[in-house]
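Here is a report on one protein structure. Please look at the sequence and the 3D view first, then read on.

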Amino acid sequence: MRKYVVAFFSLCIDAAWISVVIVLANRLGLAEMLLGQPLSGAACALIITLLLTVARLTNTSLGEWLLAYALDEKPASQRQWPNLVLGTLGFVSGLLSLLHQTAPDYGMPFLFMVEQTPLKIATATLYACLYCLCGMMLLRFAPRAKLYNALLCVSTLPLALINIMFSYDALIGSMMARAESAGRSFPLEKAQVYARVSVYYTILMIVVVLAILYFCRERPIVSTGPSIKGPQGNPA
């Protein structure tokens with residue numbers, strides 16, 4: 001059973017990162033430079049499927065590498081689902097955040113920054129990369145993965161508070177602008193409610209993530225140094 005569960009998560013990870021790479025290449029104009037026109041949705045899906053198939057057949061799958069320890073761990077009855085679920089969600093969330101950097105943010109504030117400047121994009125990209133890295137650490141059952149993920153998770157609360165306390169008008173404006181660009185109506189009163197609730201939602205998500213993180217596991221640290229012993233095998 002574990003073999004199929006790990007294979008499923010591995011497939012999801014590969015599909016996610018390959019899809020993000022293709023969409024990013026299309027948005028940044030790389031596909032248009034090579035082919036003379038942007039890729040259609042059907043063409044993107046076809047390329048993603050082909051690359052996913054090639055990665056699996058040639059043993060170059062990122063998902064298989066990340067979950068190699070989970071697949072080979074003994075005994076097979078040990079708890080793995082918290083690492084698989086939280087690690088995959090963290091990794092995919094980071095990828096989606098990276099993808100978001102190539103789309104208009106409509107003035108969504110981030111760390112006191114409102115305008116979409118190179119500094120803001122670089123900072124948000126770094127934060128997204130941290131999410132990817134911490135998710136990968138959980139999937140690899142790496143030492144200190146729980147600590148780093150806990151710190152990253154808790155950091156979302158001051159970010160939310162900064163937006164409310166120092167960039168409230170920009171936060172409201174970005175919600176309304178995003179809805180307007182999608183052709184939806186988003187009244188001011190509704191945006192204000194969403195802004196107030198966002199802090200409580202962030203706290204709830206932190207509590208849920210930390211609860212799951214508590215049940216995550218890390219691989220044992222193997223000491224490679226020689227032990228110091230005295231005569232006849234007794235410790236010195």
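This is a predicted model: local features need pLDDT of at least 70, side-chain atom pairs count only at pLDDT 80 or more; totals for chains, interfaces and linings use all residues.

Residues are numbered from 1 along each chain as its sequence is written, and side-chain values use heavy atoms, with hydrogens and water left out.

## Charged pairs

Side chains of opposite charge can pair when their charged atoms come close. Here a salt bridge is a side-chain nitrogen of Lys or Arg within 4 Å of a carboxyl oxygen of Asp or Glu. How many salt bridges does a search of the whole structure find? The search finds four. The table lists some of them.

| Pair | N to O distance |
|---|---|
| Arg 56 and Asp 14 | 2.7 Å |
| Glu 64 and Arg 56 | 3.8 Å |
| Arg 217 and Glu 73 | 2.3 Å |

Start with the salt bridge between Arg 56 and Asp 14. Arg 56 is in helix H3 (residues 41-57) and Asp 14 is in helix H1 (residues 2-27), so the pair links distant parts of the chain, 42 residues apart. Helices (H or I, at least four residues) and strands (E, at least two) are DSSP runs, numbered from the N terminus. Asp 14, Arg 56 and Glu 64 are linked in a network of salt bridges.

Are these residues buried or exposed? Buried means under 20% relative accessible area, exposed over 50%, and partly exposed in between (1.4 Å probe, protein chains only). Asp 14 is buried, at 0%. Arg 56 is partly exposed, at 23%. Glu 64 is partly exposed too, at 34%.

Now take the salt bridge between Arg 217 and Glu 73. Arg 217 lies in the segment after helix H11 (188-214), and Glu 73 lies in the loop between helix H5 (68-72) and helix H6 (81-100), so the pair ties together parts that are 144 residues apart in sequence. Both Arg 217 and Glu 73 are buried.

## Cysteines

A disulfide is a covalent bond between the sulfur atoms of two cysteines. The rule used here asks for a pair of cysteine sulfur atoms within 2.5 Å. By this rule the count is zero. For Cys 153, the nearest cysteine sulfur is that of Cys 134, 10 Å away. Cys 153 is buried, with 9% relative accessibility. For Cys 216, the nearest cysteine sulfur is that of Cys 153, 11 Å away. Cys 216 is buried at 3%.

## The nonpolar core

In soluble globular proteins, nonpolar side chains tend to be buried together. A nonpolar core is a set of buried Ala, Val, Leu, Ile, Met, Phe, Trp, Tyr and Cys residues joined through side-chain atoms within 4.5 Å. The largest one has 18 residues, and Ile 13, Leu 67, Leu 84, Leu 95 and Leu 139 touch the most other members. H1, H6 and helix H7 (118-139) each supply at least two residues of this core. Which element gives the largest share? H1 does, with six residues.

Contact means heavy atoms within 4.5 Å. Not counting residues up to four places away in sequence, Leu 67 touches Val 6, Phe 9, Ser 10, Ile 13, Leu 84 and Leu 139.

## The largest pocket

A pocket is found on a 1 Å grid over the protein atoms alone: it is an open set of points where a 1.4 Å probe fits, with protein on both sides within 12 Å along at least five of seven lines, and lining residues have an atom within 4 Å of a point. Grid points are joined across faces, edges and corners, and a volume is the space filled by probe spheres set on the points. The largest pocket has a volume of about 1,600 Å³. Of its 43 lining residues, Ser 97, Tyr 127, Tyr 131, Thr 156 and Thr 202 are the closest to its centre. H11 gives the largest share of the lining, 10 residues.

## Backbone details

The peptide bond from Lys 74 to Pro 75 is cis, with omega near -5°. Pro 75 lies in the loop between H5 and H6.

Tyr 106 is not a glycine, yet has a positive phi of about 55°. Tyr 106 lies in the loop between H6 and H7 and is partly exposed, at 34%. Phe 141 also is not a glycine and has a positive phi of about 55°. Phe 141 sits in the loop between H7 and H8 and is buried, at 0%.
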